[in-house]
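These are my notebook entries on one protein model. I record what I looked up, entry by entry.

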Amino acid sequence: MPERKPIQHQCSFCKRVIEVHDQYDLPIYDPNTGFAICKNCIREINRFLDEHDAASEQEERHVFADQLDEMLQKNKPHIIKQYLDEYIINQDHAKKILSVAVYNHYKRMKYGYEHEDGTEIEKSNVIMLGPSGCGKTALLSHLSKLLDIPFAVTDASSLTEAGFVGADVEVAVRNLYYAADKDVEKAEHGIIYLDEFDKIARKSGANNSITADPGHEGVQQALLKMLEGSVVEFTQRGQRKHPEAPTIKVDTKNILFIVGGAFVGIDKVIAKRLQKSSSIGFGAEVQGKDEQPKFDELIHQVRPEDLMEYGIIPEIIGRLPVICTLETLDEDALLRILTEPKNAPVKQYEKLLAMDGVTLDFEEDALRAVAQKAIERKTGARSLKGIIEDVMLDVMYEIPKSDEKRKVIITKECITDGAKPKVEAAS
């Protein structure tokens, strides 16, 4: 039987006549038009595309690196703190820590672009501790408005270990990717804030639990990889994970992580440690019940071992070297929050009523009563606007019925006894 000769066909690109032994000699072929591309041309096209992509990526890196000088000038620690001072009352120590952490994050990026000497400046990820309503989320919210790099907030309490119902830890990086307008390069140099971080502490504290712990230790282990720096894969928002779903890859090596939470009960853990260390030996002083240290005194003495006792795994603590503590807000601080910041609640309502030609006047005793009620509720600054909203509801409903100029006076009784605000004709 005569040997079968291979088919010959001309490549539409290089015009060479190709002997086709199998489909890989002529990977692209349209029998209807005769259009064909040989394997050599496809290799050349692939090489060209790879070089083009590499050049584009290098150009983007240079553009981003050039922007860093301007970012560093605009975001020096004292400038960041001055900005935060306009919106956040007290918490000066926390403001300084965050200002320095962000500035060093910019410097770390700049060093990485300009030096390839093998020296790597490690990230200074931050853990924030403070009571509910002390300004943790507010600090980060205003910080995000100032920064020139992507910033995303994720609720850590919604995260679960892979295999359980809930959001995987990758959602934190996905949120940052969308905050960066789907620019992977920018996302890889952004900041992620994990709120309610204390909610994923191990239930058993320092001891291992033998039961399933879907929202706790498994989540911490998964987060550990991201904190250390790894390539995280995730699908587009709304898409479920499956082998055929297209994924986006983001390297977290240069992402700054800030985690925060109320850590309810951490003061007792600190007090227990201090009591042990101070009650050893004959010369130790014994504290009476009335001499127990206050929360603010204790929280500033927190150590990594206290966080481990609370239920944060040691590996995570090792990746969060900067501990930032916030104090409780007393009555005077809450009083200042009501009136001093740029977006103070009282200023907001004054502007709202001014649009209807009405002047709003809060008496000093009324403001103090609002602060006292917030302290009674143990919600800090978080509930201030809600308390005022309850008092202002009827006024804001009635005011638009008439166009005449008026003055609304909020008295102490409006806050404490539910009395109606005074409405007078404007002078």
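**Salt bridges.** I searched for salt bridges and found 19 in the structure; the term means a side-chain nitrogen of Lys or Arg within 4 Å of a carboxyl oxygen of Asp or Glu. I note that this is a predicted model, in which local features need pLDDT of at least 70 and side-chain atom pairs count only at pLDDT 80 or more, while totals for chains, interfaces and linings use all residues. Residues are numbered from 1 along each chain as its sequence is written, and side-chain values use heavy atoms, with hydrogens and water left out.

I looked up aspartate 306 and found its side chain in a salt bridge with that of arginine 273, at 2.7 Å from N to O. Aspartate 306 belongs to helix H10 (residues 304-310) and arginine 273 to helix H8 (residues 266-278), so the pair ties together parts 33 residues apart in sequence. Helices (H or I, at least four residues) and strands (E, at least two) are taken as DSSP runs, numbered from the N terminus. Both aspartate 306 and arginine 273 are buried. I use buried for under 20% relative accessible area, exposed for over 50% and partly exposed for values in between (1.4 Å probe, protein chains only).

I then turned to arginine 368, whose side chain meets that of glutamate 364 in a salt bridge of 3.8 Å, N to O. How far apart are arginine 368 and glutamate 364 in helix H14? They are separated by about one helical turn, because they are four residues apart in that helix. Arginine 368 is partly exposed at 26% relative accessibility, and glutamate 364 is partly exposed at 48%.

The next pair I checked was lysine 401 with glutamate 398, a salt bridge whose closest N and O atoms are 2.9 Å apart. Lysine 401 is exposed, with 60% relative accessibility, whereas glutamate 398 is partly exposed, with 40%. I also recorded a network in which salt bridges that share partners join Lys81, Asp85, Asp92 and Lys95.

**Lysine 81.** Lysine 81 sits in helix H2 (residues 77-85). Is lysine 81 buried or exposed? It is buried, its relative accessible area being 17%. Setting aside neighbours within four places in sequence, I find lysine 81 in contact (heavy atoms within 4.5 Å) with Asp92, Lys95, Lys96 and Ser99.

**Cysteines.** How many disulfides does a search of the whole structure find? It finds zero, a disulfide being a pair of cysteine sulfur atoms within 2.5 Å. I examined cysteine 41, whose sulfur has its closest cysteine sulfur in cysteine 38, 3.6 Å away and therefore too far for a bond. Cysteine 41 is buried, with a relative accessible area of 10%. Cysteine 324 is likewise in no disulfide, and the nearest cysteine sulfur, in cysteine 134, is 9.1 Å away. Cysteine 324 is buried, at 0% relative accessible area.

**Aromatic pairs.** My search of the whole structure gave four aromatic pairs. Rings of Phe, Tyr and Trp (its six-membered ring) pair if their centres lie within 6.5 Å; planes under 30 degrees apart count as stacked, over 60 as edge-to-face and the rest as tilted. The ring centres of tyrosine 83 and tyrosine 87 are 5.3 Å apart with the planes at 55°, so I class this pair as tilted. Tyrosine 83 and tyrosine 87 are both buried. Tyrosine 177 and tyrosine 178 make an edge-to-face pair, 5.3 Å centre to centre with 75° between the planes. Tyrosine 177 is buried at 7% relative accessible area, and tyrosine 178 is buried at 17%. With Phe234, Tyr177 and Tyr178 form one aromatic cluster.

**Valine 171.** I placed valine 171 in helix H5 (residues 170-179), where it counts as buried at 17% relative accessibility. Apart from neighbours within four places in sequence, valine 171 is in contact with Thr154 and Leu159. Its C-alpha atom is 9.4 Å from that of threonine 235, 64 residues away along the chain.

**Helix H12 and totals.** In helix H12 (residues 331-339) I listed Ala333, Leu334, Leu335, Ile337 and Leu338 as the buried residues. These pack against helix H13 (345-354), helix H14 (364-377) and helix H15 (384-398). For the protein I counted 16 helices and 14 strands, with 40% of its 427 residues buried.
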